[in-house]
Amino acid sequence: MKADAPGAVLKRERVRDFILDLVESRHPGDAIPSERALCADLGVSRPTLRAVVDELVAAGLLVREHGRGMFVAPNKITQELVSGQETMTAPRAAGTWSSRLLEFTTFPAGARVGRKLRISPAAEIVYVARLRLVDGAPMAIEHLHIRADLVPTLSARELEAGDLYEHLREQHGVHVQEAVQAIEPTVVTRAEAELLDVPELSPALLFERLTSDTTSRPVEYVHSIYRGDRYRIVSRLTLDPSATAPPARLGHHPGIPPGDFVHRDTIASSTRGDIQSAP
């Protein structure tokens with residue numbers, strides 16, 4: 001596995017956030033600036049920009065039209081599997097999970113992340129990129145955006161060992177309670193493929209999660225890429241509201257580090273029930 005050059009992950013993340021902000025401020029079918037104009041505005045190379053654009057095209061957020069340019073893709077159809085009032089506790093995961101820190105820095109939230117966390121674009125966030133491993137094998141890449149004012153003493157050690165939400169609770173007094181999470185299919189970029197040790201354009205699962213504390217205050221925004229060949233989602237749905245749900249089995253709630261939300265915290269997700277990782 002070849003690691004990214006220092007700052008490369010963060011540079012792509014900033015480019016990705018800028019383009020996503022353009023997409024979210026426009027309507028389906030609207031044009032976005034050309035690659036040349038975006039490179040000039042962002043001060044990045046064409047290969048860096050093209051890698052991000054390729055990712056967003058593969059994710060169905062942008063559409064390229066030969067000879068015309070790039071456009072905002074049509075809206076996606078959202079299907080809820082269960083009632084939004086249901087909650088669950090996330091079980092622990094099988095296997096030994098660990099993390100390898102890729103980047104750890106602080107900078108202004110910007111417009112898009114600021115909206116998600118309900119803070120000023122100028123307010124600082126802690127940005128973390130980390131590789132998640134199971135029994136030593138790469139499983140996922142996580143991009144975490146955490147309000148800096150809530151975790152002024154957050155350390156690299158906390159991000160590489162133990163449960164992040166347990167550290168937030170015990171070391172920083174931040175008690176997470178609820179998360180809203182979306183899951184959709186995607187493919188890995190060349191940089192992601194190198195970190196995950198899979199071929200470029202391999203299938204993957206994209207998780208986006210907004211986590212709130214016991215006062216409904218947003219704490220972190222996370223987007224993660226999980227290997228499609230090693231990860232699956234299994235949901236148990238109760239069709240009769242009066243039926244008693246069976247006891248949860250051991251497993252791992254996708255996109256949430258194992259062990260988090262196990263201390264009577266709850267999570268509201270776009271998929272709920274018994275959710276496991278692949279063997």
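**Exercise 1: A proline in a strand**

Task: At 6% relative accessibility, does P138 count as buried or exposed?

Solution. Start with the cut-offs: buried means under 20% relative accessible area, exposed means over 50%, and partly exposed is in between (1.4 Å probe, protein chains only). With 6%, P138 counts as buried.

Before you go on, here's what you're looking at: a predicted model, where local features need pLDDT of at least 70, side-chain atom pairs count only at pLDDT 80 or more, and totals for chains, interfaces and linings use all residues. Residues are numbered from 1 along each chain as its sequence is written, and side-chain values use heavy atoms, leaving out hydrogens and water.

Now find where P138 sits: in strand β6. Helices (H or I, at least four residues) and strands (E, at least two) are DSSP runs, numbered from the N terminus. Finally, look at L195: P138 and L195 are 57 residues apart in sequence, yet their C-alpha atoms are 7.4 Å apart in space.

**Exercise 2: The six-stranded sheet**

Task: In what order do the 6 strands of the open sheet lie? Which strands stand at the edges?

Solution. Step one is the rule: two strands pair if DSSP finds at least two bridges between them. Step two is to walk across the sheet, and you get β4-β5-β6-β9-β8-β7, with antiparallel pairing. Step three is to check the ends: β4 (97-108) and β7 (176-187) each have a single partner strand, so one side of each is left without a neighbour in the sheet. From one strand to the next, the twist averages 15°.

Task: How many bridges join β4 to β5, and how many join β5 to β6?

Solution. Take β4 first: it pairs with β5 (residues 124-134) over 11 bridges, in the antiparallel sense. Two pairs to find on screen are E103 with A129 and W97 with V134.

**Exercise 3: Helix α1 and its neighbours**

Task: Which strands does helix α1 touch?

Solution. Contact here means heavy atoms within 4.5 Å. Go along α1 (residues 8-24) and you'll find it packs on the sheet, touching β4, β5, β6 (137-147) and β9 (218-227). For the direction, axes are lines fitted to C-alpha atoms (for helices, over the stretch in contact), and angles run from 0 to 180 degrees between N-to-C directions. α1 makes about 60° with β4.

Task: How do α1 and α4 pack, in angle and axis distance?

Solution. α4 covers residues 110-117; the angle is about 70° and the axes are 7 Å apart. Under 35 degrees counts as roughly parallel, over 145 as roughly antiparallel, 65 to 115 as roughly perpendicular and the rest as oblique. So α1 is roughly perpendicular to α4. Next, who meets whom? R16, D17, L20, D21 and E24 in α1 meet A111, R112, V113 and R115 in α4. Sorted by class, this contact has 3 nonpolar, no polar and 6 charged residues. The classes go like this: Ala, Val, Leu, Ile, Met, Phe, Trp, Tyr, Cys and Pro are nonpolar, Asp, Glu, Lys and Arg are charged, and the others, Gly among them, are polar.

**Exercise 4: The three-stranded sheet**

Task: What is the order of the open sheet of 3 strands?

Solution. The order is β1-β3-β2, with antiparallel pairing. β1 and β2 are the edge strands, each pairing on one side only. β1 (residues 31-32) pairs with β3 (residues 69-72) over 2 bridges, and A31 stands opposite F71. β2 (residues 62-65) joins β3 through 4 bridges, and V63 has F71 as its bridge partner. β2 and β3 also form a hairpin with 3 residues between them; G67 in the turn has a positive phi of about 80°. Lastly, helix α3 (residues 46-58) lies across β2 and β3, running at about 110° to β2.
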